[in-house]
Amino acid sequence: MLTLTNVFYRWPGASEDCLRGLSLQINQGEWLALTGDNGAGKSTLLRLMAGLLSPGAGHITFQGIPLSEMKNQQRAAAIGVLFQEAENQIFHSQVAKEVAFGLHLQKRPAQELEQRTADALALCGLEDVALAHPLDLYIAQRRMVAVASLEALAPPLILLDEPSRDFDEHWLGIFEGWLAACRQRGTTVLAISHDAEFTHRHFPRVVRLQQGLLVNSDNPLQASSPA
Ligand SMILES: Nc1ncnc2c1ncn2[C@@H]1O[C@H](COP(=O)(O)OP(=O)(O)OP(=O)(O)O)[C@@H](O)[C@H]1O
């Protein structure tokens, strides 16, 4: 589904490459966790996978199409991202409007838009705050607003950066209910996570980013190569 081939990336002004010839294939329907030390480059890699940064060398394709050739709208429909600071991806003054925004951009019929928004709010435990300002919510609820916005669009590939962070037991349960819905519809998911228990519960395949390359957690000495 998503294929990275010999990808290099160096941040502007940095003296060394952050990613050094990294290759990875994420298959359709696969759930893959990405681990690694602080500063290893996991969030950088996620931004490359989302098409928000471009590799300095190498290439990334989504279902065979280079990410660089996809239009923004096409990419947004295909790949959903939950950032580490999910509150920074909230732009509207009302929860329901925020959740519906992506569907508006896709020009979905009004009835479908309303239904999908209502369903996403319900699944994400936000029905009672649908008319609230997102910034008036607790941090866990705000994070779920960003999740509900993803749910409304239901992209086939979802990238999550430290998703279990900020959740107490109650909200983690709701978030994991959403993950179950994603699994049921065959969504492909990649998650960066430092939360070993969460990773173990959901992600059968784990790769580790180390010195700009990926290694399999099962076999730390062997570089992860395209399947
Ligand atoms: N916007 C940026 N501009 C310049 N350098 C950056 C930027 N973002 C990250 N970096 C650098 O890239 C390297 C990798 O950072 P990144 O945030 O991708 O790591 P990470 O593995 O996600 O870390 P963490 O687990 O702490 O979130 C670091 O050296 C960081 O300083």
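Which residue is the bridge partner of Val207 in S10? The bridge partner of Val207 in S10 is Asn216. The structure described here is a predicted model.

## The hairpin of S9 and S10

Strand S9 covers residues 205-210 and strand S10 covers residues 213-216. The two strands pair in the antiparallel sense, over four bridges. Together S9 and S10 form a hairpin, with two residues between them. Gln211 lies in the turn and has a positive phi of about 50°.

Thr35 stands opposite Arg208 in S9.

## The four-stranded sheet

A second open sheet has four strands in the order S2-S1-S4-S5, with antiparallel pairing. The edge strands here are S2 (19-26) and S5 (65-66), each of which pairs on one side only.

Strand S1 (residues 2-9) and strand S4 (residues 57-62) run antiparallel and are joined by five bridges. The bridge partner of Thr5 in S4 is His59. Helix H1 packs on this sheet and touches S1, S2 and S4. The direction of H1 makes about 125° with that of S1. In a regular strand, the side chains alternate between the two faces of the sheet.

## H5 and its helix partners

Two packed helices are described by the angle between their axes and the distance between the axes. Helix H5 (residues 139-153) can be followed through its contacts with H3, H4 and H6.

The axes of helix H3 (residues 95-105) and H5 come within 8 Å and cross at roughly 35°. This crossing is right-handed. On the H3 side, the contact is made by Val95, Glu98, Val99, Ala100, Phe101, Gly102 and Leu103. On the H5 side, Val145, Ala148, Ser149, Ala152 and Leu153 take part. The residues of this contact divide into nine nonpolar, two polar and one charged.

## H4 against H5

Helix H4 (residues 110-123) packs with H5 at an angle of about 135°, and the axes are 8 Å apart. H4 and H5 are therefore oblique to each other. The crossing of H4 and H5 is right-handed.

H4 contributes Arg116, Thr117, Ala120, Leu121 and Leu123 to the contact, and H5 contributes Ala148, Glu151 and Ala152. By class, the residues of the contact of H4 with H5 are five nonpolar, one polar and two charged. Ala148 and Ala152 of H5 also take part in the contact with H3.

## H6 against H5

The axes of H5 and helix H6 (residues 169-184) come within 11 Å and cross at roughly 10°. H5 and H6 are therefore roughly parallel to each other.

In H5, Ala140, Met144, Val147 and Glu151 meet Trp171, Ile174, Phe175 and Trp178 in H6. This contact of H5 with H6 has seven nonpolar, no polar and one charged residues. Glu151 of H5 is also part of the contact with H4.

Conventions:
Residues are numbered from 1 along each chain as its sequence is written. This is a predicted model: local features need pLDDT of at least 70, side-chain atom pairs count only at pLDDT 80 or more; totals for chains, interfaces and linings use all residues. Axes are lines fitted to C-alpha atoms, for helices over the stretch in contact, and angles run from 0 to 180 degrees between N-to-C directions. A crossing is left-handed if the near helix is turned anticlockwise from the far one by less than a right angle, and right-handed if clockwise. Two residues are in contact if their C-beta atoms, placed from the backbone, lie within 7 Å. Ala, Val, Leu, Ile, Met, Phe, Trp, Tyr, Cys and Pro count as nonpolar, Asp, Glu, Lys and Arg as charged, and the others, Gly among them, as polar. Two strands pair if DSSP finds at least two bridges between them. Angles under 35 degrees count as roughly parallel, over 145 as roughly antiparallel, 65 to 115 as roughly perpendicular and the rest as oblique.
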